Amino acid sequence: MKNGDEKYSIADIDETDKKILDLFNEDGRMSYRKISRRLDISIGTVHNRIEKLMNNGVIKKFAPVIDHSKLGYNLTTVIGVKVKGGVLKNWEDKTAYHKNVLCMYDVTGEFDAILVARFKDTKQLDQFVKTLLKEPDVQRTYTQTVLNIVKEDVGSSRMV
């Protein structure tokens, strides 16, 4: 692979790998022993397969799925941001780690970036957007409030 091509390489996985991913998607704390029993394979095989999936970047990390509403973050927003030319990367590097920003995407079309963020209330959202608009590199924003979350499954193994 050429330098940088790793990001776009496709991992070679089989049905056993898919089943392991499905089980972890079902319960991220499932033990290797339980997976081995459910799939009728050895614990060593489970361990090796998971190591391979991690080394190939299929599994990025093991982390809890947090219900933000249980922590008071009931307001989900989608924010389009138009940034001055040539500074998008610098702006994204600075903004992506704001505590309320869950996702950030470079996009085509009218806006340069789309943010998905969660807030406790409209006052917190208002403060965030006004702070964005004070930044010299931000030309404008467009904010949409999510009324209902129909599906939110960014860690899904279903598409594998």
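A residue is termed buried when its relative accessible area is under 20%, exposed when that area is over 50%, and partly exposed in between (1.4 Å probe, protein chains only). By this criterion Leu21 counts as buried, with a relative accessibility of 11%. The model described here is predicted, so that local features need pLDDT of at least 70 and side-chain atom pairs count only at pLDDT 80 or more, while totals for chains, interfaces and linings use all residues. Residues are numbered from 1 along each chain as its sequence is written, and side-chain values use heavy atoms, with hydrogens and water left out.

The protein contains 5 helices and 4 strands, where helices (H or I, at least four residues) and strands (E, at least two) are DSSP runs numbered from the N terminus. Along the sequence these elements follow the order α-α-α-β-α-β-β-α-β. The radius of gyration, taken over C-alpha atoms, is compared with a globule rule of 2.2 Å times the number of residues to the power 0.38. The protein has a value of 20 Å, whereas a compact globule of 160 residues would have one near 15 Å. Its C-alpha atoms fill a box of roughly 55 × 45 × 20 Å along the principal axes. Of the 160 residues, 27% count as buried.

Leu21 lies in helix α1. When residues up to four places away in sequence are not counted, Leu21 touches Ile13, Leu53, Val58, Ile59, Ser157 and Val160, a contact being defined by heavy atoms within 4.5 Å. Leu21 and Val160 are separated by 139 residues in sequence, but their C-alpha atoms are 8.7 Å apart in space.

Helix α1 (residues 15–26) also meets helix α2 (residues 32–39); their axes come within 11 Å and cross at roughly 125 degrees. Axes are lines fitted to C-alpha atoms, for helices over the stretch in contact, and angles run from 0 to 180 degrees between N-to-C directions. Angles under 35 degrees count as roughly parallel, over 145 as roughly antiparallel, 65 to 115 as roughly perpendicular and the rest as oblique. The two helices, α1 and α2, are therefore oblique to each other. On the α1 side, Thr16, Lys19, Ile20, Leu23, Phe24 and Glu26 meet Tyr32, Ile35, Arg38 and Leu39 of α2.

A further buried position is Thr95, with a relative accessible area of 5%. Thr95 belongs to helix α4 (residues 88–95). Apart from neighbours within four places in sequence, Thr95 is in contact with Val101, Met104, Leu115, Leu132 and Glu135.
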